[in-house]
Amino acid sequence: MNAVLIVLGVIAALIVITAIRAAFFVPGKRADSQPLGDERVDVERFCKNLSDAIKIKTISNYDSELVDWNEFKRFHSFLEERYPLVHKTLTKTEIAQASLIYKWEGSDPSLDAIAMLSHQDVVPVAEGTENDWEHGAFEGFNDGEFIWGRGAMDMKNHLVALMESVEQLIADGYKPVRTVYLCFGHNEEVVASPDNAAKKIAAYLKEQGVHLEAVLDEGGAILPVNVKGVLNCNLAGVGVAEKGSINYEVSVNAKGGHSSQPPKHTALGYLADVIKDIENHQFKARMPKFVYELFTEIGRRCSYPARLVTCNIWLLKPLILKIMTKIPPAASLIRTCTAVTMASGSPQFNVLPQKASITVNFRTMPGVGISDVEKHIRDCVRNKNIDVKFLVGKEASKVSPTDSKAFNTIKELCLKSDEKNLVAPFLVMGGTDSYNYENICENIYRFSPFAVDTKLLLCTHATNERLPIASAEGALKFFKRYIKSMTAD
Ligand SMILES: [Zn+2]
């Protein structure tokens with residue numbers, strides 16, 4: 001009886017503590033409550049320049065022979081013509097065929113510079129889908145609400161906004177103390193390009209002895225989140241890391257021969273078990289610090305009953321992880337994902353395979369290396385008679401801190417510009433140019449300050465890519481303020 005009373009007492013105490021915690025689990029007071037000063041921005045000029053930038057077909061290709069380099073030349077002339085103050089004040093270096101580095105020299109060269117990244121290239125329009133577009137992919141049509149076209153979201157919007165902001169800052173008479181680099185690569189969209197331009201830009205900067213205080217690149221955006229009665233906010237996701245992508249080939253060898261006298265299992269039959277072992281033994285899910293921070297930030301904004309759960313993530317972690325692993329998009333945040341993507345057996349229908357292979361794509365979490373993946377495969381496959389071969393891949397990035405000057409600046413600017421904004425770190429699933437800057441920078445953030453809804457984000461790389469004009473003013477102001485906050489001291 002006593003034991004029952006104790007248990008009941010503990011449960012009652014937990015409920016009371018939880019209820020009290022939930023009541024006080026709200027966004028903290030902002031230390032610096034000074035409002036943001038206004039910034040002069042020219043949305044109309046931004047729209048005109050973005051429209052015209054989209055008209056220039058800067059399409060990258062894995063095979064550099066197939067790239068129309070004239071389009072990149074046209075793009076460079078376009079920038080020169082539209083941003084005279086930038087070209088008068090900053091020094092421009094052309095590098096790696098069509099990439100650009102602009103240097104805005106600060107008055108104190110002893111301070112680490114900052115870099116603002118954007119890629120000039122866009123993906124092509126998938127063949128046969130040209131006519132599905134409401135307005136031509138390379139027309140840059142402005143209907144008063146959206147600017148339509150390839151690159152409107154990924155990421156000529158970002159590049160043009162950066163140029164606009166610097167042009168405007170120069171016109172305002174602003175002079176940075178810290179140096180600012182604008183780094184515009186030309187082949188970000190070509191995954192695993194043999195001549196990765198961002199890598200060359202970063203190597204060039206390193207050669208010049210540059211160490212960066214912060215890098216800002218694409219990745220997150222400002223997304224409205226509305227769960228009725230629970231949460232109504234704009235989530236500004238700042239990518240603090242990106243996942244890796246590692247490919248392995250796993251093969252089973254067998255005798256081969258004619259299919260008229262087959263053994264009980266062919267190499268493919270044995271391989272089926274290998275596939276099952278790999279799929280049934282996923283990498284362990286864990287909650288990295290930044291995912292915990294993401295949940296906490298969101299949790300603080302939830303309405304009261306929901307906060308009973310969100311304020312107790314520490315307590316419910318095992319349960320949360322378990323639920324998340326059942327939902328693929330959520331699972332991708334907390335573990336290395338495994339996908340068996342390709343398979344091959346014999347080259348002919350009446351020939352037994354002498355070798356059967358699969359290719360497995362692993363999207364790795366930060367900290368999981370190429371050799372960890374191989375060990376995982378060997379550990380989980382019961383058939384020890386397999387060949388495991390690393391094909392190609394890129395490890396996950398490092399994780400940038402959430403207490404640096406740059407992260408705090410992004411956070412403060414977002415929070416102050418709109419009460420509904422909440423800022424949280426997250427993990428970027430794809431790759432960005434910023435990955436290549438790890439050698440010269442510890443504080444790398446992937447964030448594009450445009451407020452767009454998820455539906456529009458899905459148009460990126462797809463049909464009807466378009467940017468809502470309403471998002472331009474906030475982005476232009478953000479860039480001006482970010483540059484000023486980061487370079488004024
Ligand atoms: Zn991009």
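View 1. The protein splits into domain 1 (43-222 + 398-487) and domain 2 (242-394), with bounds that come from an automatic or database domain assignment. This is a predicted model, in which local features need pLDDT of at least 70, side-chain atom pairs count only at pLDDT 80 or more, and totals for chains, interfaces and linings use all residues. Residues are numbered from 1 along each chain as its sequence is written. The centres of domain 1 and domain 2, taken over C-alpha atoms, are 33 Å apart. Their contact draws on 15 residues from domain 1 and 13 residues from domain 2; two residues are in contact if their C-beta atoms, placed from the backbone, lie within 7 Å. On the side of domain 1 that touches domain 2, 11 residues are nonpolar, three polar and one charged. Here Ala, Val, Leu, Ile, Met, Phe, Trp, Tyr, Cys and Pro count as nonpolar, Asp, Glu, Lys and Arg as charged, and the others, Gly among them, as polar.

View 2. Follow the strands in the order S10-S12-S8-S13, with antiparallel pairing. Strands (E, at least two residues) and helices (H or I, at least four) are DSSP runs, numbered from the N terminus, and two strands pair if DSSP finds at least two bridges between them. At the edges sit S10 (337-344) and S13 (386-394), each pairing on one side only. From one strand to the next, the twist averages 20°. S8 (residues 244-253) and S12 (residues 355-364) are joined by 10 bridges, and Val250 has Ile358 in S12 as its bridge partner. Helix H7 (residues 267-280) lies across S8, S10, S12 and S13, at about 15° to S12. Axes are lines fitted to C-alpha atoms, for helices over the stretch in contact, and angles run from 0 to 180 degrees between N-to-C directions.

**View 3. Strand S7 and its two partners.** Look for S7 (residues 231-242): 10 of its 12 residues are buried, so S7 is largely enclosed by the rest of the structure. Buried means that 20 or more other C-beta atoms, placed from the backbone, lie within 10 Å of the residue's own. S6 (residues 212-227) runs antiparallel to S7 and is joined to it by six bridges, with Asn226 partnered by Asn232. Three residues lie between the strands of this hairpin, where Gly229 takes a positive phi near 80°. S14 (residues 421-428) pairs with S7 in the parallel sense over eight bridges, and Gly237 stands opposite Ala424.
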